[in-house]
Amino acid sequence: MWIYITAGLVLAFGFMAFTGAPYLPSKRKDIERALTELYELGVKDHLVDMGAGDGVVLRVASSLGAKATGYEINPVIAYIARFLSRNDSHVKVYVANLWRVEFPDDTTVVYVFGDTRDIKKMYKKVEEQAARIGRPLYLISYGFAVPGCETVKQVGASNLYRVEPLRKQKAQV
């Protein structure tokens, strides 16, 4: 029995290594600062966490009155997030590849804990979703700045960006 459990965990975490989605827990204090001082999250907001991990960002967002949706590719960690958030009706956690999902239409802010390799790609994903939704979205990036993009504000290790909808280029005649 333990062999199967160990093999399952090794496969799940090995899968993350190949998809570029390592699990690194966020500090609750840093999250609280980002969602109160950097962007004043409240009842009008719907936060999306790209790579929800254990769901701590979602639970903090919910405690501030916001709806919160998280996407996590690792099913083991996603189920941990669901379990820890089980009594919170404002929190939804999906096992999903964040590159293939559409954000809820009422999304207002997106939280990412990216890395130097993926942060620009994450910004592009938010641009695409802003275009689909039809309005700007705010992006909070923890730990990494988005190269070539101007921050609205910075608090500690978190950066806030206003992401305008990606505009479709007109065909040249």
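Is Y71 buried or exposed? Y71 is buried, at a relative accessible area of 6%; here buried means under 20%, exposed over 50%, and partly exposed in between, using a 1.4 Å probe and protein chains only. Before going on, note that this is a predicted model, where local features need pLDDT of at least 70, side-chain atom pairs count only at pLDDT 80 or more, and totals for chains, interfaces and linings use all residues. Residues are numbered from 1 along each chain as its sequence is written, and side-chain values use heavy atoms, with hydrogens and water left out.

Let's start with the sheet. Seven strands make an open sheet with mixed pairing, in the order β3-β2-β1-β4-β5-β7-β6. Strands (E, at least two residues) and helices (H or I, at least four) are DSSP runs numbered from the N terminus, and two strands pair if DSSP finds at least two bridges between them. In general, strands of a sheet pair through backbone hydrogen bonds, either parallel or antiparallel. At the edges sit β3 and β6 (153-155), each pairing on one side only. From one strand to the next, the twist averages 20°. Strands β4 and β5 run parallel and are joined by four bridges, and V109 stands opposite Y138 in β5.

Helix α4 (residues 75-84) packs on this sheet, touching β2 and β3, where contact means heavy atoms within 4.5 Å. The direction of α4 makes about 165° with that of β3; axes are lines fitted to C-alpha atoms, for helices over the stretch in contact, and angles run from 0 to 180 degrees between N-to-C directions.

Now for the rings. A search of the whole structure turns up four aromatic pairs: rings of Phe, Tyr and Trp (its six-membered ring) count if their centres lie within 6.5 Å, with planes under 30 degrees apart called stacked, over 60 edge-to-face and the rest tilted. One of them is Y71 with Y94, stacked at 5.8 Å centre to centre and 25° between the planes. Y71 is in strand β2 (residues 67-72) and Y94 in strand β3 (residues 91-95), so this pair ties together parts 23 residues apart in sequence. Y94 is partly exposed, at 39%.

Another pair, F113 and Y142, is edge-to-face, at 4.9 Å and 85°. F113 lies in the loop between β4 (109-112) and α5 (119-133), and Y142 in strand β5 (residues 137-142), so the pair links parts 29 residues apart in sequence. F113 is partly exposed at 28%, while Y142 is buried at 11%.
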